[in-house]
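This briefing is meant for a reader who is meeting the structure for the first time. Please look over the sequence and the model below before turning to the grouped points.

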Amino acid sequence: MKKSLIAIAALAAVGAASAQSSVTLYGLADVYAGQSKQTVDLPVGSDETLGFTSKTKSTGFKSGGLQGSRIGVKGVEDLGNGLKAVFNYELGFNAVNGNLDRSLSADAVEGVLYDVVAGAAVPGAMNAAGMYGLVAAGLNGLNSAGNIGFNRRAVVGLQGDFGSVLLGRDYTPLFNLLNASTADALSSFDTTNLKTDRVNGVHYAGNFSGVGVQAFASYDKKTVSLFNSALAPADTINAQFKSQGYGLGVSYANGPFMVGAAAQYFKNDAESLLATITSTSGSQTRATAKTTEVGVGGSYDFGPAQLFANYVQQRTKGTTTDVDAGVTTFAAKTKAEEANIGVKVPFGAASLIAEYGHNRVKAYNADGSLARKAKGNDWLVGANYAFSKRTDVYARVGRNNDLKTRTAAGDLARSGKTENVAVGLRHKF
């Protein structure tokens, strides 16, 4: 009898613990068959019909059309008094071959190097995607497909009536705003390109009677010191790398209406001393990349159709400074703007979507004069059919990364675009 009572007490304790905490395993697989064709024209001289043309065509099965394929685990523990401990970790994978790694394609790298700056890599390219924004338009395909490993979302923290405070890697306020104000929710074919999506740091999110608030702060610093005993006197050579950022987003949702605004700032520094094994003579150099992003967006559901719109602007500045002389040896600035509108029309289990985006980029020399300017128009049309709440098929046709770059004098320096056709299946589990 005594053993039976002990066993019953143990089971009751386990049941109570289970009622206070939970762990959920979930996932998503998104595979599509399609074709992506990128065209790049580099004119020679003033005659825009003469020059170099590059065409890259990719046909086959790919992962992450509408959303990145993933396996995730999330959990919550009730700590009492309305306080909970929460966590969420998502592993991205390639649903076509099961691989957990994915390298940048040549067209993505080309997009970083050539748009607007026409082949000149700006110091601070260590943060090229954040540095250039639309200039790195070739990275648009990473919207949903390029998040492999536990780098989609990796957070742990506390949650209560005040909201949530999470530590780790999470989505930025601007990314969440654009995701909510875009008809195709930042898919791989979407017309919205300009944003920094995830950062490591501390994140806050809360909702108070329809008013949503999101903020983050990040800071990382690494110093490498080399003690050189061969010198007389002995000396230490230091190299320092630092990145920091912060952002804030505010939104309001009431029934079919949503509107919001977000702003975020990032700064990356890399400082080193050029030296030899016998001397510390040389210049101490600091490379700095600063990025400021702001955006507004909203949506309205009329019933027969839901409208979406957003505007985002990104300003970047890259400098290389001789610390000893106090002289900035290189400075470049870019200003990128993007406006997007979209519509989603439901028909029972089916829905139609359409998007249009206008892109504009200007690059400036160190003296503030205009170096390059670019404009382009993206578009997308598509359809979805839902077999259930967890499984649907989709088709997409569109163009993105469309930019025509001209010199300050108006001569065409480069033009490029990416055309996409895709049919896919998405399943959530």
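Leaving aside neighbours within four places in sequence, Pro-256 is in contact with Ser-299, Tyr-300 and Asp-301, where contact means heavy atoms within 4.5 Å. The model is a predicted one, in which local features need pLDDT of at least 70 and side-chain atom pairs count only at pLDDT 80 or more, while totals for chains, interfaces and linings use all residues. Residues are numbered from 1 along each chain as its sequence is written, and side-chain values use heavy atoms, with hydrogens and water left out.

**The chain as a whole**

- The chain holds four helices and 17 strands, these being DSSP runs numbered from the N terminus, with helices (H or I) of at least four residues and strands (E) of at least two.
- Of the 429 residues of the chain, 40% count as buried, where buried means under 20% relative accessible area, exposed means over 50%, and partly exposed lies in between (1.4 Å probe, protein chains only).
- The accessible surface of the chain comes to about 21,200 Å², and 60% of that surface belongs to carbon and sulfur atoms; such areas come from the Shrake-Rupley method with a 1.4 Å probe, and for residues only the protein chains shown count as cover.
- Among contacts between residues at least 6 apart in sequence, 63% join residues at least 24 apart.

**Pro-256 and its surroundings**

- Pro-256 is found in the loop between E9 and E10, and because its relative accessibility is 36%, this proline counts as partly exposed.
- The C-alpha atoms of Pro-256 and Asp-301 are separated by 4.8 Å, although the two residues are 45 residues apart along the chain.

**Asn-384 and its polar contacts**

- Asn-384 is found in strand E15 (residues 370–386), and at 14% relative accessibility it counts as buried.
- The side chain of Asn-384 makes a polar contact of 3.3 Å with that of Asp-392 and another of 2.8 Å with that of Arg-396; a polar contact is a pair of N or O atoms within 3.5 Å, where within protein one must be able to donate a hydrogen and the other to accept it, and residues adjacent in sequence count only if both atoms are side-chain atoms.

**Positive phi outside glycine**

- Ser-209, which is not a glycine, has a positive phi of about 55 degrees; this serine lies in the loop between strand E7 (198–208) and strand E8 (211–228) and is exposed, with a relative accessible area of 74%.
- Asn-401, also a residue other than glycine, has a positive phi near 60 degrees; this asparagine lies in strand E16 (residues 391–407) and is buried, with a relative accessible area of 10%.
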